[in-house]
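Biologist: Please show me the chain and its coordinates. I would like to go through its surface and its pocket.

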Amino acid sequence: MTWLELYNYLNDRANNINAIGTFDWSKKVRAFDNSTGELFDCDTYYLHNDNEGLVLMFNHSKEQK
C-alpha cells in the first residue's frame with residue numbers, strides 16, 4: 001500500500017456520509033501481525049534523513065500498555 005492509497009482510504013472513510021459515527025478517529029493506530037496474531041501500538045515519525053518520509057514505527061515491546 002502506498003501513502004496515497006492509505007490517504008485515499010482514510011479520506012473516503014472520513015467523508016462518507018453513510019458511515020458517520022462508525023469509526024472512532026480518537027483511537028490510537030494499531031497494527032496486526034498476521035504471523036503471530038498480535039496487535040501492536042504504532043508511533044508515527046517523520047524522518048528527515050535518507051528521504052524516507054513518513055514512517056509508522058511499531059512498538060514490539062511486550063511491556064506496552
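This is a predicted model: local features need pLDDT of at least 70, side-chain atom pairs count only at pLDDT 80 or more; totals for chains, interfaces and linings use all residues.

Modeller: Residues are numbered from 1 along each chain as its sequence is written, and side-chain values use heavy atoms, without hydrogens and water.

Biologist: Which pattern does the chain follow along the sequence?

Modeller: Helices (H or I, at least four residues) and strands (E, at least two) are DSSP runs, numbered from the N terminus. Read along the sequence, the pattern is α-β-β-β.

Biologist: Is Leu-56 buried, partly exposed or exposed?

Modeller: Leu-56 lies in strand β3, residues 53–58. Buried means under 20% relative accessible area, exposed over 50%, and partly exposed in between (1.4 Å probe, protein chains only). At 30% relative accessibility, Leu-56 therefore counts as partly exposed.

Biologist: Which element gives the most to the lining of the largest pocket?

Modeller: A pocket is an open set of points on a 1 Å grid over the protein atoms alone, where a 1.4 Å probe fits, with protein on both sides within 12 Å along at least five of seven lines; lining residues have an atom within 4 Å of a point. The largest pocket is lined by 13 residues, and Leu-56 is among those nearest its centre. Both α1 (3–14) and β3 supply at least two lining residues each. With four residues, the element that gives the most is α1.
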